[in-house]
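Colleague: Walk me through one part of this model up close, please: the charged side chains that pair up. I'd like the partners, the distances and how much cover each one has.

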Amino acid sequence: MRRTPYWAIIVCSLRERSSADGFYTEATMESHSSKDSHSAKFVRTRSQALQQRAERFFPGGVNSPVRAFKAVGGAPPFVERGEGAWLFDADGNRYIDYFGSWGPMILGHAFPVVVEAIERAARKSASFGASTAAEADLAERVVTCYPAIEKMRFVSSGTEATMSAIRLARAATGRKIVVKFEGCYHGHSDGLLVKAGSGVATLGIPGSAGVPEEIAGLTLALPFNDLAAVEEAFAAYPDAIAAVILEPVVGNAGCIAPGAGYLAGLRAITAREGALLIADEVMSGFRVALGGALELYGLDADLVTLGKIVGGGLPVGVFGGKRELMDLLAPLGPVYQAGTLSGNPLAMAAGIATVGYLQEHVGEVYPKLEATAKAVAEGVAAEAARAGVALTLNRVGAMWTWFFTAGPVTDYAQAALIDTAAFGRFHRAMLDAGVWLPPSQFEAAFLGTAHGKAEVEATIAAARKAFEAVVAD
């Protein structure tokens with residue numbers, strides 16, 4: 001008897017399921033008209049159906065944990081498209097976007113210059129696995145903005161970048177121990193998940209199952225903004241610490257700025273002790289200034305990691321630094337690191353367009369980001385004060401956090417004391433008013449050049465009502 005091919009069974013099953021469950025297709029996406037997000041009650045029946053479908057395929061129905069809204073409650077909208085400062089979901093609702101794909105959408109969604117660059121590159125092929133001139137074109141722009149980076153290597157994610165930087169630091173120093181700071185998230189490689197921020201803090205996980213104690217034991221997690229703790233660590237482990245890695249502006253425990261003299265102190269200690277200083281600017285790079293936190297605070301680092309904005313929103317990461325360190329990488333040196341999709345032509349094209357635009361319009365972009373972020377961040381904080389809601393605002397440029405606490409937040413220990421339940425109520429109320437904030441109290445908010453006066457006013461008006469909900473509960 002002739003057997004039906006396996007692939008045919010799958011196709012048949014998908015067709016049947018499409019009819020029964022209402023698969024999310026391009027046709028259904030386009031069939032929804034955009035509602036006025038500030039005049040209609042949001043309905044997310046389509047998003048809820050899509051979430052149920054996704055749960056059949058992905059753990060928790062998501063491909064990154066914080067997307068699940070576990071920390072804030074409610075069901076996450078499923079995005080159909082983005083345009084400028086706005087996101088549109090599968091039910092036709094629209095939202096002012098304040099997480100911007102977690103940072104890279106500094107020019108707004110579907111920025112024409114970036115879209116055109118990706119389209120041109122895609123016509124030539126999505127990937128080669130071979131060198132292209134675009135890689136050096138983008139690298140040249142990066143080193144112009146980051147003098148600390150004399151040579152670099154492109155990778156495909158921030159996790160890859162930090163993991164590779166740590167390997168390089170250990171090889172360069174011949175030491176094993178790495179110092180990080182509580183609440184700083186540097187990707188999900190084993191040794192860096194110790195007391196990490198971001199989704200780990202959001203979900204209340206102290207570290208991660210599956211990380212051997214032998215690896216975790218090579219990472220020292222210290223309080224941020226505490227130079228005495230760093231001095232004590234070097235005294236306790238003489239000639240054993242390979243590197244200190246940090247987010248110069250913390251974004252993954254909420255936004256936390258470095259205290260006066262803190263970064264300079266870290267630079268002095270590491271230089272004295274023969275350890276490397278690694279600045280993880282995956283989040284702050286090109287956002288708090290064209291040259292990131294290194295430019296903003298006048299910091300020199302041995303190694304720097306970048307991501308997000310460098311790829312214009314496409315998957316990319318960078319690790320780079322002093323020439324003598326980077327030349328330890330294969331094929332010149334003994335440190336092996338590789339990636340088939342590193343320097344992907346689509347990401348390079350998007351990066352050239354994005355970084356190039358920022359360079360060419362630096363006098364326009366960054367003052368606007370500063371003014372807009374100040375207006376919305378302080379405007380919402382003022383509404384909290386009027387409503388009698390305890391709230392602390394931390395902001396550095398176009399990244400900030402509204403912490404639901406009355407006290408200052410200068411490290412993760414203080415951030416952990418905030419009222420996460422109040423933040424969850426605020427988040428849900430804002431989402432229902434058409435304002436999409438990061439779904440975690442431990443994630444920084446972002447905006448881009450597409451946000452303007454109308455978006456700021458709408459956000460503050462939404463917050464006024466949202467704080468009423470916070471107080472009522």
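Modeller: Let's begin with Glu-370, which is partly exposed at a relative accessible area of 34% (buried is under 20%, exposed over 50%, partly exposed in between, with a 1.4 Å probe and protein chains only). Its partner is Arg-395, and the closest N and O atoms of this salt bridge are 3.0 Å apart; the term needs a side-chain nitrogen of Lys or Arg within 4 Å of a carboxyl oxygen of Asp or Glu. Glu-370 sits in helix 14 (residues 362-387) and Arg-395 in strand 11 (residues 392-396), so the bridge ties together parts 25 residues apart in sequence. Arg-395 is partly exposed too, at 23% relative accessibility.

Before the other pairs, some housekeeping. This is a predicted model, so local features need pLDDT of at least 70 and side-chain atom pairs count only at pLDDT 80 or more, while totals for chains, interfaces and linings use all residues. Residues are numbered from 1 along each chain as its sequence is written, and side-chain values use heavy atoms, with hydrogens and water left out.

Next comes Lys-151, whose salt bridge to Asp-327 has its closest N and O atoms 2.7 Å apart. This one links distant parts of the chain, 176 residues apart: Lys-151 is in strand 4 (residues 151-155), and Asp-327 is in the loop between helix 12 (323-326) and helix 13 (345-360). Helices and strands here are DSSP runs numbered from the N terminus (H or I, at least four residues, for helices; E, at least two, for strands). Both ends count as partly exposed, with Lys-151 at 29% relative accessibility and Asp-327 at 26%.

Then there's Arg-81, which meets Glu-83 in a salt bridge at 2.9 Å, N to O. Glu-80 joins in as well, linked with Arg-81 and Glu-83 in a network of salt bridges. Arg-81 is partly exposed at 35%, and Glu-83 is partly exposed at 45%. As a rule, side chains of opposite charge can pair when their charged atoms come close.

For context, the structure holds 14 salt bridges, and its secondary structure comes to 17 helices and 14 strands. Buried residues make up 53% of the 473 residues.
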